[in-house]
Amino acid sequence: MSDLMAPPETKTGLPGEPGDRGVRAALAAAADRVRGGDLGVAPVVGGLVVIWTVMQILNPVFLSSANLVNLALECVPVGVIALGVMFMLLVGQIDLSVGSVSGLSAAVVAVLFVDHGWPSWLAIAAAVALAVALGWFYAKVFNRLGVPSFVITLAGLLGWLGLQLWVLGPKGSINLPFDSRLVTFAQLDFLPPWFAYALVVVGAAGLYLTGHNRAAQRRRAGLPATTERTLILRSAALLVGLGVAVWYLNRDRGVGWMFVLFLALVLVTHYVLSRTKYGKSVYAVGGNVEAARRAGINVKTVYASAFVMCTTLAAIGGILAAARLAAANQSSGGGDVNLNAIAAAVIGGTSLFGGRGNAFAALLGILVIQSISSGLTLLNLDSSYRFMVTGAVLLLAVALDSVARRSRASHGRA
């Protein structure tokens with residue numbers, strides 16, 4: 001029926017016809033979205049370019065391949081945690097306990113692996129299972145008792161910190177064996193150059209194929225679709241961009257397996273949120289919970305999944321942080337881990353008001369935060385400057401989100 005009702009030019013599906021969206025049409029649509037308050041990733045990408053430019057001018061070592069390899073690896077633990085925080089923000093909630101959950105998970109892995117002699121994979125599985133149970137507990141309290149997520153997770157922040165100290169015991173710190181697979185994965189394992197380039201080709205090909213299939217579906221439905229030329233140009237740009245990045249990192253140690261794991265988590269999360277019914281439910285609940293409930297969405301299940309995803313990813317991030325440090329101690333998950341994870345998700349473009357954001361927010365946000373930290377460290381400035389600069393960037397990100405939200409409302413796109 002939709003094919004019969006579609007205009008003639010949109011039914012043929014041939015590239016370049018009036019129904020197809022070429023490069024010029026895509027740019028016009030993007031400009032229209034920006035005017036309507038949908039800024040996308042433009043602000044954070046622009047901010048990242050400014051930060052990298054300033055840091056490179058102040059210290060030419062900043063954009064060296066050696067420093068960028070370190071920067072990529074340092075992004076991973078908190079970046080994974082920020083990926084979980086993003087789930088909570090998308091449904092309009094917050095988790096203040098991600099730091100404590102990550103520290104507790106690191107402590108559990110260290111105790112089971114080192115003190116009790118468990119295989120590393122089994123200790124990791126036990127820690128992740130514990131995190132899933134904590135997320136399930138949060139969801140039950142939230143859904144059945146109606147306690148705000150802010151209060152539940154604030155209690156968790158204190159409670160799981162105490163449990164972490166109890167698990168570690170009087171020693172307070174447990175070193176992980178440097179020759180263990182867990183530590184070598186986080187510190188010493190890098191992709192062979194040929195395999196890194198192969199992944200770049202696979203990524204570019206995957207972008208083209210998914211875009212091609214989506215365009216074909218839209219044409220069959222009689223909707224405007226991206227032209228073949230645009231798809232090829234987009235994939236070629238990704239191929240060249242990632243290829244140059246891999247070549248530059250390979251001048252030093254290369255691309256770390258831990259960073260590849262982070263990228264894989266981001267891509268899987270992006271697919272789940274953008275291509276599945278569950279992902280649409282997450283955005284619907286965050287956008288308008290009452291409308292989502294009336295549309296037949298099981299709101300409580302969506303909330304429960306967000307809590308579980310958040311605590312699970314916090315556990316994985318905490319374990320990776322311990323592996324990177326080769327130790328779990330009383331300060332694991334403490335300090336600025338909590339705030340940096342939340343700040344990364346927000347700075348990357350996830351709205352505090354719910355219903356807007358994507359998986360790449362965690363990646364972009366943690367790149368901004370870690371770039372600030374790395375640049376100021378190279379300048380021999382203490383952490384006080386890092387806190388102040390990060391705070392200013394966070395405030396700017398939230399202010400942009402608020403302005404964009406009002407703009408969307410004025411254009412009828414809220």
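Residues are numbered from 1 along each chain as its sequence is written. In this predicted model local features need pLDDT of at least 70 and side-chain atom pairs count only at pLDDT 80 or more, while totals for chains, interfaces and linings use all residues; side-chain values use heavy atoms, with hydrogens and water left out.

The protein chain has 18 helices and 4 strands, where helices (H or I, at least four residues) and strands (E, at least two) are DSSP runs numbered from the N terminus. Of its 414 residues, 45% are buried, buried meaning under 20% relative accessible area, with exposed over 50% and partly exposed in between (1.4 Å probe, protein chains only). Among the contacts in the protein chain with a separation of 6 or more, 78% join residues 24 or more positions apart; contact means heavy atoms within 4.5 Å.

Axes are lines fitted to C-alpha atoms, for helices over the stretch in contact, and angles run from 0 to 180 degrees between N-to-C directions. The crossing of helix 5 and helix 15 is left-handed; a crossing is left-handed if the near helix is turned anticlockwise from the far one by less than a right angle, and right-handed if clockwise. On the helix 5 side the contact includes Leu73, Val80 and Phe87, and on the helix 15 side it includes Phe307, Leu313 and Arg324. The residues of this contact divide into 18 nonpolar, 4 polar and 2 charged. Here Ala, Val, Leu, Ile, Met, Phe, Trp, Tyr, Cys and Pro count as nonpolar, Asp, Glu, Lys and Arg as charged, and the others, Gly among them, as polar.

Helix 6 (residues 98–115) also meets helix 15, with axes that come within 7 Å and cross at roughly 55 degrees. The two are therefore oblique to each other, and their crossing is right-handed. Val98, Val101, Ser102, Ser105, Ala106 and Val109 of helix 6 make the contact with Cys310, Thr311, Ala314, Ala315, Gly318, Ile319 and Ala322 of helix 15. By class there are 9 nonpolar, 4 polar and no charged residues in it.

Two residues of helix 7 can be followed next. Val128 lies in helix 7 and, leaving aside neighbours within four places in sequence, is in contact with Thr312, Ala315, Ile316 and Ile319. Val128 and Val109 are 19 residues apart in sequence, and their C-alpha atoms are 9.4 Å apart. Asn143 is also in helix 7 (residues 120–145), and because its relative accessibility is 18%, Asn143 counts as buried. Its side chain reaches the backbone oxygen of Lys300 at 3.2 Å. Not counting residues up to four places away in sequence, Asn143 touches Lys300, Tyr303 and Ala304.

At 8% relative accessibility, Ala204 counts as buried. Beyond its neighbours within four places in sequence, Ala204 is in contact with Ser235, Leu238 and Leu239. Ala204 and Leu242 are 38 residues apart in sequence and 8.8 Å apart in space, C-alpha to C-alpha.

Note on methods
Angles under 35 degrees count as roughly parallel, over 145 as roughly antiparallel, 65 to 115 as roughly perpendicular and the rest as oblique. A polar contact is a pair of N or O atoms within 3.5 Å; within protein, one must be able to donate a hydrogen and the other to accept it, and residues adjacent in sequence count only if both atoms are side-chain atoms.
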